[in-house]
Amino acid sequence: MTGRTLARVGLVLACALSLVVPALAWWDVNIAGRPLWAVAFAVLVPGLPAALTLVRHPARIVVMLVPALSLASLLLLTVVQVTAGMWSEPLTASLLALVGVALTPVAWRRVARAVRTVRVGPRGAPTAPTRRILSVLALGAAGILWLTAIDTIDLDAAGSTGLIGVLPWRYLLAVAIVVVVAALAIRARPRTDGTFAGAALGVLAVMITTFVGVADGGSPVGTAYVHVGFAEWIGDTGTLRVATDARFSWPGFFTAAAAVVGWAGTADATALVVLFPAFATLLCFAPVYTIGRALYPGRAVAWTAVALFVLGNWVQQDYFAPQAIAFPLMLTILAVLLWQTAEAGIPPSSGPWWQRLLTPLGRTPPRVPGRSGRWAIAMETGLLAVAAAIVVSHQLTPVALILALALLSLLGAVRSRTLWFGVAVCFAAWFAFGAVDWWSGHLGVLLNGVGQVGAAVEAGIVSRVSGDATYQLMQTARLAWSALFALAGLAGWVLTRGGRLPMPVSAALVVAPMALVAGQAYGGEVVLRVYLYALPVLAVLAAGGLARLLRSRRPWATPTLAAALIVGVVGVSAARGVNVAFERTPADVLTVARQVLWSVPAGSTIRPLATEGALRVARLGDLYHPTTVEGEGSAFERLLAQDPDVVFLTSMRERYEQLRSGAPDGWYDNIARLLVASGRYEVVTRTPHVIVLERVSATPEDG
Amino acid sequence: MSTIEVLIGPAAVLAVLAGLSVYAASTVLRETRGPAVRVWTLATSRPMLTALFGAVIVYGGTLLALRLGVLS
């Protein structure tokens, strides 16, 4: 199928979605697969016609821009609606559909004119059909193995070694098969089989990121349910909750999720959370691939970079959360800019050393050959819109983006030299007017975090390695996994002299996020974000370092690549799953949490012993969730002092206390017994993972 | 709401608009100069534009600090 035909099919599909989804939303018609229609609409409209209007080739830029422009439009429009008091999910769908339909004729004409030479699939000599047939069969077999692994895994048995200690052999065999298919496609002759490399790596990403969630029937990170609750609040009330949670000051993701839930006709966003990590990871594929193509010639290095990105990404910031969308959007902006620079080229500096050093400061690279000034302005406007969507959705990602753009500008490596300034103005404007709730009244506390490099590193690295000895070892191994990717990136950078662009350019993309550690009020988690933000470029540089292996005609080259990737997939499965014993949310926890939330009267106080995301999944404004009480006495005594209406104890939290604080087995059972013995509580629900106690004769007034 | 709060709000809005205008003007100017690579030196730079850019940053930054300080 040619690129033109594919683009036209996409445009017809986008038009169909533009007609169907608003209609479903307005009349609330429940048809089969309505959630899928809603998600497809969110990803394709108006991004597909807008992207094809902007760029017709190369395909990777179109593929990257489609979801970026669609999601950015959705994020921005829903934030405008909620802040202007005009909340209506059907209206959101209608406005996006109108833009999409209006752009379709323009996109159609442009596609007809210019995509004639673009083909989907390999060019040149035909790719071996036998390998492709075998690859399809292998991927199918791997899928079946993976599904059987889900049936057989016992996540309750996960302890200090985390997921790797309980992974069934079927899972390991499944991912190994997929990795071999990917390696064969990457090293295919006469050229890389991009279709199968992408497909295999996509399957690999789904297998790695959703395994725990699918096995459990719930999000691998409980905080996802807090965000589900936020989206539900917005969908129900059409407002942002003031003075309750700082995250409402950056509401783009939650407003967008509320809109998608409205289009899908589901009760809330719970249905999205299990597969969301795969969606967020797949969104990063095209940007990472594009950065790979910008830094190195050839598709093998770029697909290897995508593989390494998947294998290095253990930090689990892809759960149902704002950063999971903001990150691929940021990558898209950087990838488009680097693509432009690579296409146009940077003339080498000449003269004495000081002149070569100073020249980049005043250099504006040439425009992409064959593109007009109007095109450049339109593209930059699109990128600014994507950046604005990031600004209203997450507090940290825009800062990382501004730093990266400013450094690239200083190095004279991007034509959009003032984009950093445009994004900074948007960020300052939102900070000053949109995020008042976040800083108002406690600016001093926020500013105190600035410059606390030591504290951030301490919280982000040192304090993470604590608790049970085996658990500590696993935490250390996880940090070593990050260090391995950093070293591999450094080695690739040195060996390839930074790739096709000047060495400081690729270095800048790794260094820029590090400044976040100094200038933030984000706590220790920022260290993980720094690694995540640097990972795409580290993966590309590491893949660049493997270029000789990827080009080699030796018979051992493909097995070597496959073996390295198999080691990588075992490593990332282990690293991602270190905390699985306590971070997961089994289905019964969510079910019982819902039962509790909807059975207690408004104003009731609900307390886990520490935190429990599932308890925020609904009735955000009705119920009271006091924070953990620190201080003297046992956990039981402190809990009793708070006198909550409902006590919600989960085996996950108990496992956390066992791993981190050495709590004894049966600790929560004992607390439940003590609460019952006090005569003030009775057990009302008990499941394999939850004990719920209610205060005897509890009334809302007491809370 | 105090007088200073009333004054700073619209002034900060103006700062945002000024910042976006400077950004938009710089982008349009760059693309109207043509597609070729350009290397600015002290001899070819335009001090007035640089000063305007700097002034907008200082103006916006000051008002942002004032707004944050007053409202917090």
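Two residues count as being in contact when heavy atoms of theirs lie within 4.5 Å. On that basis, in this predicted model, the meeting of the two chains involves 33 residues of chain A and 29 residues of chain B. Put together, chain A and chain B bury about 2,500 Å², and 71% of that area sits on carbon and sulfur atoms. On the chain A side, Arg415(A), Phe421(A) and Phe433(A) give up the most area to chain B, together 22% of what that side buries.

Arg415(A) turns up again when charges are considered: its side chain forms a salt bridge with that of Glu31(B), at 3.1 Å from N to O. In total, three salt bridges link chain A and chain B, and ten residue pairs, both at pLDDT 80 or more, are in polar contact across the two chains.

Which parts of chain A supply at least two residues each to the side that touches chain B? They are strand S1 (363-364) and the helices H16 (373-391), H18 (419-434) and H19 (436-439). H18(A) provides the largest share, with eleven residues. Sorted by class, this side of chain A holds 19 nonpolar, nine polar and five charged residues.

The strands get involved too. S1(A) and strand S1 of chain B (residues 38-39) run antiparallel and are joined by two bridges; in one pairing, Thr364(A) has Arg38(B) as its bridge partner.

Glu657(A) counts as buried because its relative accessible area is 16%, and the cut-off is under 20%. Leaving aside neighbours within four places in sequence, Glu657(A) touches Gly662(A), Ala663(A) and Trp667(A).

Notes:
Residues are numbered from 1 along each chain as its sequence is written. Chains are lettered from A and ligands numbered from 1 in the order in which they are written. This is a predicted model: local features need pLDDT of at least 70, side-chain atom pairs count only at pLDDT 80 or more; totals for chains, interfaces and linings use all residues. Side-chain values use heavy atoms; hydrogens and water are left out. Buried means under 20% relative accessible area, exposed over 50%, partly exposed in between (1.4 Å probe, protein chains only). Buried area is the accessible area (1.4 Å probe) that two parts lose on being put together, summed over both. A salt bridge is a side-chain nitrogen of Lys or Arg within 4 Å of a carboxyl oxygen of Asp or Glu. A polar contact is a pair of N or O atoms within 3.5 Å; within protein, one must be able to donate a hydrogen and the other to accept it, and residues adjacent in sequence count only if both atoms are side-chain atoms. Helices (H or I, at least four residues) and strands (E, at least two) are DSSP runs, numbered from the N terminus. Ala, Val, Leu, Ile, Met, Phe, Trp, Tyr, Cys and Pro count as nonpolar, Asp, Glu, Lys and Arg as charged, and the others, Gly among them, as polar. Two strands pair if DSSP finds at least two bridges between them.
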